[in-house]
Amino acid sequence: MMMPDAGSAPPERLLVVVVGLRRFGLPLREVRGIQARGSAGATAAYRSGLIPVLEPRALGLAAEAPAAGRPAGQLVIVGAEGGEMALAVDGVEGLVDAGEVRALPELVAPFVRGVFRGIVLRPAGELLVVDTGALVSAAAAFLGGREAGEA
């Protein structure tokens with residue numbers, strides 16, 4: 001096992017989540033909890049209140065439908081205390097050490113560049129690393145606009 005140099009930072013731990021056919025990495029330090037998804041809805045019970053639920057497909061992060069026969073999925077709670085949001089995922093695969101998080105290529109769409117911090121290249125395939133702060137902000141703007149349109 002290779003140990004990091006005294007001057008280098010340890011690798012970042014990521015929670016690997018599945019949405020459709022894609023896998024994403026959420027920085028573990030920004031994950032507040034994981035819970036079973038009770039039903040589809042705009043809010044979820046968390047602690048002593050309700051928090052908004054973000055469907056990644058609504059933001060265009062995964063176009064594929066969940067695989068047939070998959071369970072209802074899980075909610076991954078992210079964000080700062082008092083500003084949490086539940087990210088609806090099809091599944092949670094586990095933890096990985098990210099190693100080097102590389103910048104996204106210049107050709108990536110601006111929206112995507114705003115929601116992802118970078119990419120990790122692994123033998124199992126590429127893993128996009130979510131910028132949870134940017135995702136929560138984008139989702140709040142999206143959900144606010146959707147509610148304003150419904151009024």
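Which residues of the largest nonpolar core touch the most other members? Among its 20 residues, these are Val 17, Leu 26 and Val 76. The legends below place this core and other local features in context.

The model is predicted, so local features require pLDDT of at least 70 and side-chain atom pairs count only at pLDDT 80 or more, whereas totals for chains, interfaces and linings use all residues. Residues are numbered from 1 along each chain as its sequence is written, and side-chain values use heavy atoms, with hydrogens and water left out.

**Figure 1. Overall architecture of the protein.** The secondary structure comprises two helices and ten strands, where helices (H or I, at least four residues) and strands (E, at least two) are DSSP runs numbered from the N terminus. Along the sequence the elements follow the pattern β-β-β-β-β-β-β-β-α-β-β-α. Of the 151 residues, 36% are buried; buried denotes under 20% relative accessible area, exposed over 50%, and partly exposed the range in between (1.4 Å probe, protein chains only). The protein exposes about 8,700 Å², of which carbon and sulfur atoms supply 58%; accessible areas come from the Shrake-Rupley method with a 1.4 Å probe, and for residues only the protein chains shown count as cover. Among contacts with a separation of 6 or more, 60% are made by residues 24 or more positions apart, a contact being heavy atoms within 4.5 Å.

Figure 2. A nonpolar core is a set of buried Ala, Val, Leu, Ile, Met, Phe, Trp, Tyr and Cys residues joined through side-chain atoms within 4.5 Å. In soluble globular proteins, nonpolar side chains tend to be buried together. Neighbours within four places in sequence aside, Val 17 is in contact with Arg 22, Arg 23, Phe 24, Leu 26, Val 76, Val 89, Gly 91 and Val 92. Another core, of eight residues, lies apart from the largest one and includes Ile 51, Leu 75, Ile 77 and Ala 88.

Figure 3. Strands pair if DSSP finds at least two bridges between them. Strands β5 and β7 run parallel and are joined by two bridges; Leu 54 has Leu 87 of β7 as its bridge partner. The pairing of β6 with β7 is antiparallel and extends over five bridges, with Val 78 opposite Met 85. Six residues lie between the strands of the β6 and β7 hairpin, in which Gly 79 takes a positive phi near 115 degrees.

Figure 4. Arg 47 is a residue other than glycine with a positive phi, near 55 degrees. Its position is in the loop between β4 (43-46) and β5 (49-54). With 61% relative accessibility, Arg 47 counts as exposed.

**Figure 5. The aromatic pair of Phe 24 and Phe 116.** Rings of Phe, Tyr and Trp (its six-membered ring) pair if their centres lie within 6.5 Å; planes under 30 degrees apart count as stacked, over 60 as edge-to-face and the rest as tilted. The centres of the Phe 24 and Phe 116 rings are 5.6 Å apart and the planes are at 10 degrees, so the pair is stacked. Because Phe 24 lies in strand β2 and Phe 116 in strand β9, the pair ties together parts that are 92 residues apart in sequence. Both Phe 24 and Phe 116 are buried.

**Figure 6. Salt bridges.** The whole structure contains seven salt bridges, each a side-chain nitrogen of Lys or Arg within 4 Å of a carboxyl oxygen of Asp or Glu. Arg 13 pairs with Asp 97, the closest N and O atoms being 3.5 Å apart. This pair links distant parts of the chain, with Arg 13 in strand β1 and Asp 97 in strand β8 (residues 91-97), 84 residues apart. Arg 13 is partly exposed at 38% relative accessibility, and Asp 97 is partly exposed at 47%. A network of salt bridges links Glu 12, Arg 29, Glu 30 and Arg 117; within it, the closest N and O atoms of Arg 29 and Glu 30 are 3.5 Å apart.
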